[in-house]
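Biologist: I'd like to learn how to read a model like this one. Could you walk me through it, a feature at a time?

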There are 2 protein chains.
Amino acid sequence: MTGLVPSRHHDIADDLRQQIRTGRVQLGERLPSEAVLAERYAVSTVTLRHALAVLQGEGLVEKIHGKGNFVRRPLRRITYRGGGAMPDVHTPADVALSVTIRTAKIRARGHLAALMNVPARSPLTEFVCLSRDGGSPHSLARIYVPRDLAPASVPEESSSYVGVVANLAEMRPPLADVREKVSVRLPTQEEAAVLRIGSAWAVLAITRVMSDAAGRVVEAALLVFPGDHAEAVFTTHHQFDQRGTEE
Amino acid sequence: MTGLVPSRHHDIADDLRQQIRTGRVQLGERLPSEAVLAERYAVSTVTLRHALAVLQGEGLVEKIHGKGNFVRRPLRRITYRGGGAMPDVHTPADVALSVTIRTAKIRARGHLAALMNVPARSPLTEFVCLSRDGGSPHSLARIYVPRDLAPASVPEESSSYVGVVANLAEMRPPLADVREKVSVRLPTQEEAAVLRIGSAWAVLAITRVMSDAAGRVVEAALLVFPGDHAEAVFTTHHQFDQRGTEE
DNA sequence: GAGTGGTCTAGACCACGAG
DNA sequence: TCGTGGTCTAGACCACTCA
């Protein structure tokens with residue numbers, strides 16, 4: 001909206017961005033304090049913070065209250081593949097992802113019951129999976145399956161995301177339909193805290209519902225990825241000639 | 001990050017949000033000026049602007065420099081359906097969408113050439129479509145097709161998005177593959193201006209590449225939707241029993 | 001020119017983190 | 001306790017819109 005009028009905080013953001021990209025500020029390192037930077041650039045702290053907010057929005061800087069501003073290690077790009085036949089994330093190197101899983105036995109209600117097309121109070125098992133790429137949070141998945149389709153035990157911590165997903169898939173009848181809804185929204189406070197992102201920065205949220213040939217929902221998953229380095233790919237193959245309704 | 005400490009600008013945002021939602025401030029109307037509101041809430045203009053920024057991020061308020069802050073009419077939710085067999089947007093009432101189309105004959109280069117898998121300088125036709133829902137911008141689509149597959153003429157303005165897409169589809173050989181990449185990013189300055197959204201608010205960007213049975217790319221589309229009221233739905237049907245690689 | 005939002009200042013005080 | 005970021009003030013001046 002402001003258009004092409006250069007503003008001081010943009011200049012500063014550009015300068016800091018350059019220093020980060022050229023490696024003059026080391027990855028993972030702390031930037032000088034805001035007070036120091038404000039003096040260095042001869043601006044007020046408010047303006048300097050505005051500049052840092054720009055970089056935070058770009059995912060280059062992580063602010064930690066009471067500690068400082070840190071240059072964020074550029075995270076591996078996350079590619080989610082749609083279609084449901086494969087693990088959620090399978091970039092070539094995603095074996096390096098570690099996962100923390102919290103399991104709970106819950107009962108369906110409200111939105112979740114509707115999503116899974118089961119009566120309220122149906123027994124479900126909930127898996128909350130936080131995957132990490134090295135030290136950095138990577139993605140958050142909340143997976144719900146009918147209790148009778150859940151593995152009896154799931155390791156609390158696993159070094160392989162693929163293994164976990166395979167574990168779930170074993171119990172599952174063959175899939176017939178996968179419906180994935182992709183949306184953009186601001187993270188909840190919890191999500192922002194867990195993923196270590198600013199609460200003003202959007203996430204890529206995917207709601208995935210899988211059902212078997214009988215139409216029974218065998219899994220519902222609420223997946224959340226930091227928006228600045230995630231993407232979802234969907235591939236559709238049209239196996240028949242295009243005559244009328246085929247999809 | 002700040003956590004549970006209530007802050008003045010959040011309180012104000014909450015109050016204004018309530019007034020908007022309960023209709024005490026009319027849709028499309030201008031809010032009192034920032035100076036007036038700042039006095040009313042007994043805060044500085046900076047703090048008041050911070051509160052408005054929250055509402056702007058939620059898509060409730062649209063700021064227009066020199067004019068005022070306006071309560072944004074809640075836009076119809078945009079649902080993009082993946083798979084490529086259908087028009088981009090087909091909520092029941094999307095016949096109400098109007099579209100402005102700018103057509104240009106261009107030549108492939110760089111990223112676009114790679115995307116369409118054609119040599120640089122291949123002749124393409126570009127369609128830039130801005131669709132509007134009533135008065136509000138709704139989505140921006142940049143569609144590229146090989147020159148020989150482009151309709152000779154496209155109406156500059158059309159009242160029906162569906163008609164336009166059908167127009168394009170007529171020229172097309174049967175589709176074999178559709179690949180859609182969904183990502184979240186900040187809008188470019190141009191996109192922010194055209195879609196009338198703040199440049200700090202993320203958009204849902206879809207890159208769609210369609211190819212025919214021979215593997216030729218017959219269309220590449222760069223679609224941009226305001227992130228706060230758009231979603232994309234992908235449905236996969238598994239027609240065979242699940243044995244090995246079938247995706 | 002009058003009224004609006006956009007940017008900025010030079011402080012102040014509060015909340016968090018680590019020793 | 002000290003250094004950090006988080007919020008806020010009471011102005012100032014500039015840029016945009018419209019009569």
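Biologist: Let's begin with chain A. Which domains does the domain assignment give for chain A?

Modeller: Keep in mind that this is a predicted model. For chain A, the assignment gives domain 1, residues 8-71, and domain 2, residues 78-233. The contact takes six residues from domain 1 of chain A and four from domain 2 of chain A.

Biologist: How much area do domain 1 and domain 2 of chain A bury between them?

Modeller: Buried area is what two parts lose on being put together, summed over both. Here domain 1 and domain 2 of chain A bury about 310 Å², with 41% of it on carbon and sulfur atoms. On the domain 1 side of chain A, the residues that lose the most area to domain 2 are A:Gln56, A:Gly57 and A:Glu62, together 75% of what that side buries.

Biologist: And how many salt bridges are there between domain 1 and domain 2 of chain A?

Modeller: The count between those two domains is zero salt bridges. As for where the domain 1 side comes from, H3 and strand E1 (61-64) of chain A each supply at least two residues of the side that touches domain 2. By class, that side of domain 1 of chain A has one nonpolar, three polar and two charged residues.

Biologist: On to the DNA. Which residues are closest to DNA strand C?

Modeller: With "near" taken as a heavy atom within 4 Å, 25 residues surround DNA strand C, and the closest are A:Arg8, A:His9, A:Ser44, A:Thr47 and B:Arg49. Next, look at which part of the DNA is approached. Of the atoms of DNA strand C within 4 Å of the protein, 75% belong to sugar or phosphate and the rest to bases.

Biologist: Which element gives the largest share of the surface near DNA strand C?

Modeller: That's H3(A), with three residues. Elements of both chains supply at least two residues each, among them helix H1 (8-21) of chain A and strand E2 (68-71) of chain B. By class, the surface near DNA strand C has five nonpolar, 13 polar and seven charged residues.

Biologist: Now DNA strand D. Which residues come nearest to DNA strand D?

Modeller: Of the 25 residues around DNA strand D, those are A:Arg49, B:Arg8, B:His9, B:Ser44 and B:Thr47. Sugar and phosphate make up 75% of the atoms of DNA strand D within 4 Å of the protein. Phosphate oxygens of DNA strand D lie 2.4 Å from a polar side-chain atom of A:Arg49, 3.2 Å from one of A:Lys63 and 2.6 Å from one of B:His9. H3(B) gives the most to the surface near DNA strand D, three residues.

Biologist: Last one: how many salt bridges does the structure hold over all chains?

Modeller: The total is 22. Among them is one in which the side chains of A:Arg17 and A:Asp14 meet, 2.7 Å from N to O. A:Arg17 and A:Asp14 are three residues apart in helix H1 of chain A, so about one helical turn separates them.

Conventions: Residues are numbered from 1 along each chain as its sequence is written. Chains are lettered from A and ligands numbered from 1 in the order in which they are written. This is a predicted model: local features need pLDDT of at least 70, side-chain atom pairs count only at pLDDT 80 or more; totals for chains, interfaces and linings use all residues. Side-chain values use heavy atoms; hydrogens and water are left out. Helices (H or I, at least four residues) and strands (E, at least two) are DSSP runs, numbered from the N terminus. Ala, Val, Leu, Ile, Met, Phe, Trp, Tyr, Cys and Pro count as nonpolar, Asp, Glu, Lys and Arg as charged, and the others, Gly among them, as polar. Domain bounds come from an automatic or database domain assignment. Contact means heavy atoms within 4.5 Å. Buried area is the accessible area (1.4 Å probe) that two parts lose on being put together, summed over both. A salt bridge is a side-chain nitrogen of Lys or Arg within 4 Å of a carboxyl oxygen of Asp or Glu. A polar contact is a pair of N or O atoms within 3.5 Å; within protein, one must be able to donate a hydrogen and the other to accept it, and residues adjacent in sequence count only if both atoms are side-chain atoms.
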